[in-house]
Protein chains: 2
Amino acid sequence: MQKFLRVDVRKQTVNYDPVPDEYKLLGGRGLTARILLDEVDARCSPLGENNKIIFAPGILGGTKAPCTGRLSVGAKSPLTQGVKESNAGGTAGHKIARLGIKAIIVEGKPSDDWFIVVVNKDGARLELANELVNLGNYELSEKLRERFGKKVSIISIGQAGEYCLPVAGVAVSDLEGKPNRYAGRGGMGAVMGAKHIKAIVLDDSGTEGVSYHDKDTFSDICKHIRKGLAENQITGNVFPQYGTSVNIQVVNALGAIPTKNFRYGSYEHAEMISGEKMHDVIMERGGEGKTTHPCMPGCPIMCSNIYPDEQGKTIVAPMEYETMAMFGSNLDIPSLDGIAHLNKLCNDYGIDTIEMGVTLGVAMDGGILAFGDVEKCKELITEISKGTLVGRLLGQGAEILAKVLGAERVPAFKGQGIPAYDPRALKGNIPLYATSPMGADHTCGNSLRVPDPLSPKGKVKASRKLQIGIANIDNLGLCMFAGLVVGGRPDWIKSLVESRYGIDVPDTFVEDIGKEVLTTELVFNERAGFTKDDNRVPEFLQKEPLPPHNTVCDISHEEIRQCLDFGTEL
Amino acid sequence: MQKFLRVDVRKQTVNYDPVPDEYKLLGGRGLTARILLDEVDARCSPLGENNKIIFAPGILGGTKAPCTGRLSVGAKSPLTQGVKESNAGGTAGHKIARLGIKAIIVEGKPSDDWFIVVVNKDGARLELANELVNLGNYELSEKLRERFGKKVSIISIGQAGEYCLPVAGVAVSDLEGKPNRYAGRGGMGAVMGAKHIKAIVLDDSGTEGVSYHDKDTFSDICKHIRKGLAENQITGNVFPQYGTSVNIQVVNALGAIPTKNFRYGSYEHAEMISGEKMHDVIMERGGEGKTTHPCMPGCPIMCSNIYPDEQGKTIVAPMEYETMAMFGSNLDIPSLDGIAHLNKLCNDYGIDTIEMGVTLGVAMDGGILAFGDVEKCKELITEISKGTLVGRLLGQGAEILAKVLGAERVPAFKGQGIPAYDPRALKGNIPLYATSPMGADHTCGNSLRVPDPLSPKGKVKASRKLQIGIANIDNLGLCMFAGLVVGGRPDWIKSLVESRYGIDVPDTFVEDIGKEVLTTELVFNERAGFTKDDNRVPEFLQKEPLPPHNTVCDISHEEIRQCLDFGTEL
């Protein structure tokens with residue numbers, strides 16, 4: 001029987017609660033959204049006592065189905081002031097599920113003390129952890145592993161989370177036990193910090209794991225999935241070699257890679273920060289570095305990597321497309337080593353590299369530092385870890401910094417910085433960024449593979465379909481890259497859910513659940529005060545043509561508004 | 001015939017336009033609001049090309065009626081994102097009226113160059129003024145007076161305005177030609193800076209001045225007003241001796257003086273920063289210092305002052321209650337000299353002392369500097385003048401800083417910092433701050449003289465009446481202190497308007513025009529996206545009892561909402 005683990009930081013209690021029946025087929029993003037809607041006043045202050053932070057694996061979490069170990073972290077966002085879910089790979093999602101826990105819900109107003117939550121087969125407890133305050137994720141993780149063993153999984157925040165900064169993400173242990181996987185976006189680390197929870201330590205040893213209603217059928221579908229992933233060009237060939245970093249050259253060729261604070265869509269030094277280049281560097285430098293590497297147990301795609309220095313010593317793991325573009329082309333830093341060092345600082349302090357890259361781009365454009373100045377970037381990121389006034393300002397993200405600098409170009413939707421796909425040259429991402437309840441978020445239905453990216457035609461409809469599809473994937477706890485294969489097989493998904501839970505689900509399950517998740521989020525945002533006006537596209541994206549294609553965001557507000565208005569046929 | 005002077009900074013042209021008939025009885029705040037509503041897209045970016053900044057004397061501007069020389073400065077506010085009018089004494093209001101100008105309207109998108117506007121009896125022109133950039137108001141004023149003569153009046157901005165910071169005010173020459181009078185609130189200096197206008201130089205020599213339809217009647221009423229002002233206890237006795245600074249002891253005794261970032265309502269060192277103390281210091285130190293001093297031509301109240309150092313040399317003029325409380329009790333700086341030096345820096349850089357005092361209080365509460373640290377305050381204010389990242393952050397005002405620091409206590413309404421009357425102990429100011437289209441603004445209907453300040457009873461009704469009354473006063477261009485006497489005589493006001501303009505106005509003129517002005521402003525704000533929800537009271541004011549009376553803001557949101565809903569009888 002699955003249960004909720006409720007952590008009340010005011011009472012300093014932990015309790016296991018039964019899961020209401022109607023939550024049965026909700027997991028991951030769908031579950032975090034639903035709990036927020038049912039339990040949290042949408043008007044609350046994101047960093048105040050009335051917000052909650054929820055950690056939930058998907059409904060396939062803990063199973064042996066490939067790539068189903070994503071952990072969703074949800075709360076009202078201090079960055080967007082709306083609903084937020086950010087999910088990460090690593091080992092925590094599976095372990096929570098294997099501990100029989102459907103979600104960990106942290107709530108209440110904290111005392112001055114800091115705590116960690118420790119969960120194992122015997123139960124859960126809060127432990128005083130004031131001595132862990134002000135540690136970066138790397139050192140924190142080492143200390144906790146020394147104490148609780150090498151096999152635990154850790155969910156943690158760095159200094160940025162402690163200071164409750166909206167750029168703060170939540171770190172999750174990878175397969176090597178390092179805090180390298182990130183639920184980066186939307187300031188989930190700040191909400192965790194606002195609850196004075198420095199880490200959650202998960203030990204699933206001695207548990208029985210999840211049960212199956214029909215294990216044979218489940219296993220059978222898993223075989224199909226593995227075969228599908230292996231045969232797919234992206235998940236079976238390109239990603240295993242290069243990971244997401246292959247997108248540098250792809251998106252650069254599309255003219256959609258953010259360059260110098262979104263002033264250009266292609267980067268003259270793209271080759272120097274490309275996935276192909278990184279592949280060569282890793283092969284040459286060796287060390288711990290391998291070209292491919294899984295982020296979750298049992299993942300056959302293995303798109304992760306470990307990036308070494310010239311001596312073969314690990315600088316950071318992994319280097320992902322988003323980070324490479326946002327720190328590389330967007331800040332005009334044509335150096336993988338430079339990017340890796342910034343990435344490492346962000347991981348240690350617990351900072352979302354996307355929001356940081358957008359923010360530093362705004363700072364560069366505003367004359368605070370020069371484009372390409374890696375050393376100054378390091379200094380500024382370090383200010384965040386110290387909680388200085390400058391650090392706290394940068395820690396608010398791109399939109400606030402743009403306001404402070406009086407910048408007319410504000411690269412954000414609903415307060416969240418635009419990720420590494422400029423929508424002026426990838427027009428399916430116009431309705432995505434504008435209407436997603438999450439703000440500018442490429443993980444909610446990226447249109448990278450939608451044909452004819454420069455034409456606005458049909459993109460609103462395409463985005464609706466993609467957003468519904470991803471909402472379902474995020475409810476399953478499935479990796480969105482595996483979703484490239486599995487997403488196209490609603491029959492497989494139906495079978496997996498039925499054989500895991502012993503419940504009949506309709507043939508329309510995938511679409512139903514996707515719409516339900518989105519609707520839940522939209523209702524939360526409406527209660528939080530969002531209106532259709534908040535689906536606006538930043539002015540500069542509508543006016544300023546993006547080289548080399550010199551296109552702008554040219555889908556009308558009226559059309560965009562219909563994207564998630566499911567009553568309207570598209 | 002009165003006309004508009006339109007300055008188009010894009011075309012670099014100046015033009016005199018006729019004034020539409022329906023604007024005839026609108027002046028000052030009423031006129032700036034109406035022009036904004038009629039000509040400016042309420043959704044525009046306050047610092048963008050579509051905003052306009054309007055300088056307008058009241059409808060009695062330029063006349064010999066006492067205290068009618070106020071200059072209204074209006075624009076969409078970068079601080080509140082809504083309509084804003086801030087008015088100042090000094091000599092500019094009268095001179096604009098005497099030049100036959102009903103309002104100066106600055107519009108358009110600026111070039112990279114900076115300009116001054118020069119207006120005299122022969123016309124107006126733009127002059128290149130790049131060499132004046134980065135000057136503080138004091139040096140700027142000296143240079144312009146050297147060039148254009150000692151008798152000109154100057155409207156100008158300091159460095160804060162150049163950096164387009166929402167704390168930036170607009171300085172206006174006083175009777176000695178010093179830039180000592182301020183339209184401080186709401187970032188009007190930022191909008192002027194966004195238009196690249198460093199100053200407006202007004203020379204009314206050789207003009208005929210304003211005409212009267214019935215000069216004898218007008219003069220007759222003026223005599224009554226002078227007599228009324230002389231006989232009134234405040235305008236005839238207390239203010240001539242102490243000016244507004246007398247309120248330190250008054251508001252301290254009420255328990256409503258902001259102390260240590262609005263944590264207390266009385267200050268243990270109130271006496272050290274009191275008006276009585278200042279009076280003694282000025283008398284003792286002498287120099288240019290006098291105890292009383294008019295801010296506008298022909299003002300019999302003479303509530304201004306000049307504050308000298310120990311050698312009798314002027315530090316700053318004037319020291320007003322708001323500045324003394326916001327820098328004194330709110331920052332725990334029990335030193336008139338300390339306050340005077342901060343005041344001087346703000347005047348020079350063109351910074352609103354109220355918003356700065358609230359902002360520094362938030363910074364102190366957030367641990368950025370210690371309460372009472374004058375030297376660090378000077379440093380931080382100086383950062384603003386340099387446009388550093390820290391300076392630009394502080395230049396956003398209290399609400400943004402509170403957000404950046406993650407402070408739960410946000411002492412602002414509609415983005416504007418609370419002035420020196422804590423509404424928890426002066427409850428008539430709860431509906432005032434909450435519903436005024438200007439945000440937290442004591443000049444829009446301060447309830448200081450409403451009986452029983454600790455009781456919420458009847459305060460919404462009282463505030464409606466006060467807000468209507470002040471809107472009328474601001475339309476006349478009358479000083480609100482003179483309004484204490486004149487406001488109670490609608491018959492005088494009717495006579496003044498009729499004898500000045502030769503138009504019959506109804507007996508209900510005062511109330512009609514007050515409601516019209518407020519309604520115009522409310523419609524603008526509605527178009528700008530404000531809802532009734534924006535009339536909310538900050539949470540900490542509702543929850544945190546204010547010593548010594550330990551009261552909170554306890555008027556319901558429902559009741560507050562009715563304050564300016566003129567369809568509802570109160």
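Colleague: Leaving aside its neighbours within four places in sequence, which residues is Asn446(A) in contact with?

Modeller: In this predicted model, Asn446(A) is found in the loop of chain A between helix 16 (429-435) and helix 17 (459-476). Once its neighbours within four places in sequence are left aside, the residues in contact with Asn446(A) are Tyr421(A), Leu426(A), Asn429(A), Leu432(A) and Leu466(A).

Colleague: With which side chain does the side chain of Asn446(A) make a polar contact?

Modeller: Asn429(A) and Leu466(A) are among the residues that Asn446(A) touches, whereas the C-alpha atom of Asp309(A), 137 residues apart from Asn446(A) along the chain, is separated from that of Asn446(A) by 32 Å. The polar contact, at 2.9 Å, is made with the side chain of Asn429(A).

Colleague: What area is buried between chain B and chain A?

Modeller: The contact takes 22 residues from chain B and 22 residues from chain A. On the chain B side, Leu389(B), Lys403(B) and Val404(B) supply 31% of the area that chain B buries against chain A, more than any other three residues. Carbon and sulfur atoms give 61% of the area buried between the two chains, which is about 1900 Å².

Colleague: How many salt bridges are there between chain B and chain A?

Modeller: One pair that can be named is Arg43(A) with Asp533(B), whose closest N and O atoms are 2.8 Å apart. For salt bridges between chain B and chain A, the count is two.

Colleague: Which helix of chain B gives the most to the side of chain B that touches chain A?

Modeller: Helix 14 (389-394) and helix 15 (398-404) of chain B each supply at least two residues of the side that touches chain A. By class, that side of chain B has twelve nonpolar, three polar and seven charged residues. The element that gives the most, with five residues, is helix 14.

Colleague: Which residue does a cis peptide bond join to Pro547(A)?

Modeller: Most residues other than glycine have a negative phi, and most peptide bonds are trans. In chain B a cis peptide bond joins Pro547(B) and Pro548(B), with omega about 5°, and Pro548(B) has its place in the loop between helix 21 (539-543) and helix 22 (557-561) of chain B. In chain A the cis bond, with omega about 5°, joins Pro547(A) to Pro548(A).

Colleague: What is the phi of Lys414(B), and is Lys414(B) buried or exposed?

Modeller: Another residue with a positive phi, about 60°, although it is not a glycine, is His196(B), which lies in the loop between helix 5 (188-194) and strand 12 (197-202) of chain B. Lys414(B) lies in the loop between strand 15 (412-413) and strand 16 (416-417) of chain B. With a relative accessible area of 12%, Lys414(B) is buried, and its phi is positive, about 50°.

How values were computed:
Residues numbered from 1 in each chain as written. Chains lettered and ligands numbered in written order. Predicted model: local features only at pLDDT ≥ 70, side-chain atom pairs only at ≥ 80, totals over all residues. Heavy atoms only, no water. Helix = DSSP H or I, 4+ residues; strand = E, 2+ residues; numbered from the N terminus. Contact = heavy atoms within 4.5 Å. Polar contact = N/O pair within 3.5 Å; in protein donor to acceptor, adjacent residues only side chain to side chain. Buried area = accessible area lost by both parts, 1.4 Å probe. Salt bridge = Lys/Arg side-chain N within 4 Å of Asp/Glu carboxyl O. Nonpolar A, V, L, I, M, F, W, Y, C, P; charged D, E, K, R; others polar. Buried < 20%, exposed > 50% of the residue type's maximum accessible area, 1.4 Å probe, protein only.
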